[in-house]
Amino acid sequence: MQNYSVFVPKLLPKRELFAPGHRGCIGCGEALAVRLATKAMDENTIIVNATGCMEIIASQYPYTSWRLPWIHTLFENTAAVASGVESALKVLKRKKRIEDKDIKIVAIGGDGATVDIGLQALSGAMERGHNFTYICFDNEAYMNTGIQRSSATPFGAATTTSPAGKVGKGQFSWKKDMPAIAVAHNIPYVATCCPSYPFDMIEKVSKALAADGPAYIHCLSVCPTGWRCATEDTIKIGRLAVETGVFPLYEVVNGEYKMSMETPALKPLKEYTSLQRRFRHLTEESLDLIQERVQLEYNKIAERAACALKLEK
């Protein structure tokens, strides 16, 4: 993580492009993440927003928290609409119908709209090379519609459609590695972030916006409602997700991995899971299994970053 020798909040713009007054739950990590992401944007930005928590809490007629041009899309076509906006702007500029200035396009969606329902449209947009930034605000389930599992729900977590009980043991599959899928499309920029590390997040959104081509950011958004955790622990749990290796912070620039925060000795997984009642049913055996998987996946990313560093030298 980058060190600063000044009072860092003074480095940020005072403008709020995501205004207060939304209907987010107390302690909502996603609302905080959106606010931080917009700190890297300016007024020449168009937001394409999938159906989900952020669309519901920030755009209830006749009010809105958005101080940017904003379009609501369906779960499945966010990337397709963003592609259309980008193509339309190219045509309008070519025909001199609008000023030829740099207009950024940012598509946002939750994990359901990204790793599940909208994956085909997103894959197509990245493959075609459309120049926009896609940010997935991952709260690890379909929180807006009742806490149903998604393919981003971590193994063992209890949701309304993967309940824990005498028969079910919570989520039955491992979390889909969406950043790796984005990397496989050979796009210029991919990164992970978490609002618990605000300046790292803002810097990564800035890099994504500056990329020449598609950029993808996967942001962990703590959800007290769905994770069954204390509302005042949002930042703490986000930090523990990183410190335990559950959610490593890294970026991939033109295929080369770089760790944003290296953690040689990961904290025990229990420090993270014990604060969330969605994991309270897990046995010691289950926790050991997850701990082993977390270490394995963390090592893979760290090794890729180490190889990239060796090549640079």
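Is Glu-16 buried or exposed? Glu-16 is buried, with a relative accessible area of 19%; buried means under 20% relative accessible area, exposed over 50% and partly exposed in between (1.4 Å probe, protein chains only). The model is predicted: local features need pLDDT of at least 70, side-chain atom pairs count only at pLDDT 80 or more, and totals for chains, interfaces and linings use all residues. Residues are numbered from 1 along each chain as its sequence is written, and side-chain values use heavy atoms, with hydrogens and water left out.

Glu-16 has a charged partner. Lys-39 forms a salt bridge with Glu-16, and their closest N and O atoms are 3.1 Å apart. A salt bridge is a side-chain nitrogen of Lys or Arg within 4 Å of a carboxyl oxygen of Asp or Glu. Side chains of opposite charge can pair when their charged atoms come close. Lys-39 counts as buried because its relative accessibility is 11%.

The whole structure holds 14 salt bridges. One of them joins Glu-284 to Lys-270, with the closest N and O atoms 2.8 Å apart. This pair links distant parts of the chain, as Glu-284 is in helix 11 and Lys-270 is in helix 10, 14 residues apart. Helices (H or I, at least four residues) and strands (E, at least two) are DSSP runs, numbered from the N terminus. Glu-284 is partly exposed at 46%, and Lys-270 is partly exposed at 41%. Arg-293 pairs with Glu-297 at 3.3 Å between the closest N and O atoms. These two residues are four apart in helix 11, so about one helical turn separates them. A network of salt bridges links Asp-138, Glu-140, Lys-175 and Arg-278.

On a 1 Å grid over the protein atoms alone, a pocket is an open set of points with protein on both sides within 12 Å along at least five of seven lines; a cavity is a set where a 1.4 Å probe fits but cannot get out; lining residues have an atom within 4 Å of a point. The largest pocket has a volume of about 570 Å³. Here grid points are joined across faces, edges and corners, and a volume is the space filled by probe spheres set on the points. Helix 11 gives the largest share of the lining, six residues. By class, the lining has 17 nonpolar, four polar and six charged residues. Ala, Val, Leu, Ile, Met, Phe, Trp, Tyr, Cys and Pro count as nonpolar, Asp, Glu, Lys and Arg as charged, and the others, Gly among them, as polar.

Three cavities of 30 Å³ or more were found. The largest cavity has a volume of about 180 Å³. Its lining has 22 residues, and Thr-51, Gly-52, Cys-53, Gly-110 and Asp-111 lie closest to its centre. The second largest cavity holds about 40 Å³. Its lining has eight nonpolar, one polar and no charged residues. Helix 1 supplies the largest share, three residues.

Helix 7 (residues 198-210) has 13 residues. Its buried residues include Asp-200, Met-201 and Lys-204. The buried residues of helix 7 pack against several elements, among them helix 1 and strand 3.

Notes. The expected span of a helix is 1.5 Å times one less than its number of residues. Contact means heavy atoms within 4.5 Å.
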